[in-house]
Amino acid sequence: METLLFLFPQFNYMAPKEEAYFKMLGPEDLQAPKMKNDTSRQKDKERKSRLSLFLTKSGSHENVSSHKKTNTTSSNISPEAALQWSDSFEELLKNSDGVETFSQFLRTEFSEENIEFWLACEEYKAIDSETKLLSKAKYIYTVFIESDAPKEVNIDYNTKTAIQKNMAQPTKSCFEAAQMKVYSLMKKDSYPRFLHSDIYLRLTRRKGPGATMFRRRSRSCVFNERGEPTTEPSAW
C-alpha cells in the first residue's frame, strides 16, 4: 500500500472501503483504462473475483449495510410512512428506510447494483476534494462500469465509452448520463414491481399474516320451520 501511495500520491486519502479495495490493486490497475492482452485480462478476472467477494462480505454500500437489511423493514417502519413511498419514486429515494427497503427488493431480483451505483454517484457528486474525486471515480468505474465489473450496470456502449475516456481526468458530471439511465430503468421497471411486492405490501399491512384490514362476514346455514335450509349472516 505504501508503494502505491508513493507512486500515486492522489490516493493519500481514501474512505476505509476504498482503501481496502485499492490494496487489492497493482500499479497497472491504477492507470487509465486501456487495451489489455490475454494475460492481463486473466489477472483482471482474478482481481475482480476477489473484489466481488470483498464487496459481498463487507456489504454492498455504506448506506445499505448488511446490518440494517434484516431489521429495518420488519419493525421500525410504520404503514403510514411506507404508504408515502407509493406517491412517487422520488419520494421513495428521499427516505433512507425507503432506499433500504427498495434495495432489499432489488436483491430478490438480482439487480441491487442499480441502486448501489445510483447511491455511489450521489456521494461522488458531493465530493469537494479533487484527490478524493479521482479515487472515487476509479472505484465506481472498476466496480460498476467496466466490462465484467463485479457489479456491472446495464448501460449502452456509447455511455460506457464516454466514461472511459474521462477516467484520466474525471469531472463531477462524468457519471451523470449513466446515473440517469440507471435511474430511469429503476423508476420505469423496478419501482412498479416493488409497489406490488410482498416486501412492500407487508409493510403497508395489505398482505401477510394478520394484515387483513377487512374481513367478509360469514354466512351460517340454518333451517326454517319447514326444515328447509336458509342462510343468514352470523354475528362476529
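Phe89 is buried, and Tyr191 is buried too. Keep in mind that this is a predicted model.

The rings of these two residues sit with their centres 5.2 Å apart and their planes at 50°, so the pair is tilted. It ties together distant parts of the chain, with Phe89 in helix H7 (residues 89-94) and Tyr191 in helix H12 (residues 176-195), 102 residues apart. Helix H12 also holds Phe194, which pairs with Phe102 of helix H8 (residues 96-108), 92 residues apart. Here are both pairs side by side:

| Pair | Centre to centre | Angle between planes | Geometry |
|---|---|---|---|
| Phe89 and Tyr191 | 5.2 Å | 50° | tilted |
| Phe102 and Phe194 | 5.4 Å | 85° | edge-to-face |

Phe102 is buried, at 0% relative accessibility, and Phe194 is buried with a relative accessible area of 0%. The structure has 11 aromatic pairs. One aromatic cluster takes in Trp85, Phe89, Phe102, Phe105, Trp118, Tyr183, Tyr191, Phe194 and Tyr200.

Now to a helix pair. H9 (residues 113-125) and H10 (residues 130-145) pack at about 170° with axes 11 Å apart; over 145° counts as roughly antiparallel, so that is what H9 and H10 are. The contact has 9 nonpolar, no polar and 4 charged residues. Among those on the H9 side are Phe117, Ala120 and Cys121, with Leu133, Ile140 and Phe144 among those on the H10 side.

What about disulfides? A search of the whole structure turns up 0. The sulfurs of Cys174 and Cys121 are 8.2 Å apart, too far for a bond, given a cut-off of 2.5 Å. Cys121 counts as buried at 1% relative accessibility, and Cys174 counts as buried at 7%.

Notes
Residues are numbered from 1 along each chain as its sequence is written. This is a predicted model: local features need pLDDT of at least 70, side-chain atom pairs count only at pLDDT 80 or more; totals for chains, interfaces and linings use all residues. Side-chain values use heavy atoms; hydrogens and water are left out. Buried means under 20% relative accessible area, exposed over 50%, partly exposed in between (1.4 Å probe, protein chains only). Axes are lines fitted to C-alpha atoms, for helices over the stretch in contact, and angles run from 0 to 180 degrees between N-to-C directions. Helices (H or I, at least four residues) and strands (E, at least two) are DSSP runs, numbered from the N terminus. Angles under 35 degrees count as roughly parallel, over 145 as roughly antiparallel, 65 to 115 as roughly perpendicular and the rest as oblique. Contact means heavy atoms within 4.5 Å. Ala, Val, Leu, Ile, Met, Phe, Trp, Tyr, Cys and Pro count as nonpolar, Asp, Glu, Lys and Arg as charged, and the others, Gly among them, as polar. Rings of Phe, Tyr and Trp (its six-membered ring) pair if their centres lie within 6.5 Å; planes under 30 degrees apart count as stacked, over 60 as edge-to-face and the rest as tilted.
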